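User: I would like a close look at a single part of this model. Please keep the answer plain and go step by step.

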Amino acid sequence: MSDRSVHWEAVYTTKAENEVSWFQENPATSLRLISDAKAAADSAIIDIGGGASRLVDALVARGFRSLAVLDISAAALETARTRLGPKSADVDWITADVTKWTPARSYDVWHDRAAFHFLTEAADRSAYIDRLKAAVAPRGQVIIGTFAPDGPEKCSGLPVTRHDAKSLADALGGEFELADNFVEAHRTPWGAIQRFQFSRFRRL
Ligand SMILES: C[S@@+](CC[C@H](N)C(=O)[O-])C[C@H]1O[C@@H](n2cnc3c(N)ncnc32)[C@H](O)[C@@H]1O
C-alpha cells in the first residue's frame with residue numbers, strides 16, 4: 001500500500017462519519033452544481049475522491065441512474081455502500097488512486113470535492129488532469145471544489161495546494177471553459193469555518 005492509501009484507510013477505519021472535517025449531512029452545493037451542469041437521469045456522473053460522502057445517496061434519491069464513486073480508500077467506499085444498502089448495487093464503486101487509474105468509460109459529469117487539493121506535486125496534478133481528459137466526454141462538465149486561497153493549509157493533517165478559478169483553469173487547459181466559480185464557507189462538525197472554492201467547467 002502507498003503512504004497515501006495507508007493514510008486514508010486509517011482515517012476511514014478509525015473515525016466516524018461526523019468526526020472528519022469535510023462531513024456534510026446535505027451536500028447542497030455539489031447537488032446544485034450537478035443540476036446546473038444539466039445532468040439528466042441517465043448522465044454518467046463520477047465522484048472523484050467521493051469517500052463516504054452522502055452525495056451518492058442524494059443522487060440515487062434524485063433518480064440518477066449512472067453513478068460511479070472513486071476513492072483510494074476501500075473502507076470509505078464500504079461505508080457508503082453499506083449505508084445505501086441494496087441501492088448500492090447500481091453504483092460503480094472504484095477503489096483506485098486517481099493519479100494511477102485507467103478510466104474504462106467516459107463520464108458526462110466529473111465531480112471532486114476536496115480530493116484534487118491533496119495533489120501538491122505538479123507531476124500528480126498532471127497525472128490527474130490526464131485521467132480527467134481521458135474520462136470526461138466531449139461537452140462534459142467538471143466540478144472541482146478545493147480549499148480557497150485563504151482556506152486552511154492542511155486537510156486531514158496533510159498539506160494541500162489551495163486553488164482559485166485561474167489555477168484550476170490553467171491546470172485544465174484551453175479546452176475547458178469556466179462556467180461558474182464561487183467561494184463557500186464550510187462549517188466542520190465542530191464549528192470551524194473552512195473556505196472552499198468551487199468551479200464548474202464545460203468541455204468545449
Ligand atoms: C477530504 S476527503 C473528501 C471526501 C468527499 N469528497 C466529501 O466531500 O465528503 C478526500 C477524499 O479523497 C480521497 N483521496 C485522497 N487522495 C486520493 C487519490 N489520490 N485518489 C483517490 N482518492 C483520493 C480520500 O480517501 C478521501 O475520501
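Does Lys 38 count as buried or exposed, and why? Please look closely at its surroundings too.

Analyst: Lys 38 counts as exposed, because its relative accessibility is 68% (buried is under 20% relative accessible area, exposed over 50%, partly exposed in between, with a 1.4 Å probe and protein chains only). This is a predicted model, where local features need pLDDT of at least 70 and side-chain atom pairs need 80 or more, while totals for chains, interfaces and linings use all residues. Numbering runs from 1 along each chain as its sequence is written, and side-chain values use heavy atoms, without hydrogens or water.

Start with the place of Lys 38. Lys 38 sits in the loop between H2 and S1 (helices are DSSP runs of H or I with at least four residues, strands are runs of E with at least two, numbered from the N terminus). Helix H2 covers residues 28–36. Strand S1 covers 44–48. Just after H2, the phi of Lys 38 is positive, about 60°. Lys 38 has this positive phi although it is not a glycine.

Arg 139 also has a positive phi. The value is near 65°, and Arg 139 is a residue other than glycine. Arg 139 is found in strand S5, which spans 136–147. Arg 139 counts as exposed because its relative accessibility is 71%.

Now step back into helix H2. Here Thr 29, Ser 30, Leu 31, Leu 33 and Ile 34 are buried. What do these buried residues pack against? Their partners are S1, helix H3 (55–61), strand S4 (107–113), S5, S8 and strand S9 (193–203).

Take Ser 30 as one case. Ser 30 lies in H2. Ser 30 counts as buried because its relative accessibility is 2%. Leave out residues up to four places away in sequence, and Ser 30 touches Leu 55, His 111, Arg 113 and Phe 198 (contact means heavy atoms within 4.5 Å).

Arg 113 touches Ser 30.

Look at the nitrogen atoms of the ligand. A backbone N or O atom of Gly 49 lies 2.8 Å from one. For Val 98, a backbone N or O atom lies 2.9 Å from a ligand nitrogen. With Asp 97, a polar side-chain atom is 3.0 Å from a ligand nitrogen. Taken alone, the ligand exposes 590 Å², and the protein buries 97% of that (areas by the Shrake-Rupley method, 1.4 Å probe).

Finish with S8, one of the elements that the buried residues of H2 pack against. Strand S8 runs over residues 176–187 and holds Val 183. Val 183 counts as partly exposed because its relative accessibility is 42%. Neighbours within four places in sequence aside, Val 183 is in contact with Ala 148, Arg 195, Phe 196 and Gln 197. Val 183 and Asp 150 are 33 residues apart in sequence. In space, their C-alpha atoms are 9.9 Å apart.

So the answer for Lys 38 is exposed, at 68% relative accessibility.

Methods
A polar contact is a pair of N or O atoms within 3.5 Å; within protein, one must be able to donate a hydrogen and the other to accept it, and residues adjacent in sequence count only if both atoms are side-chain atoms.
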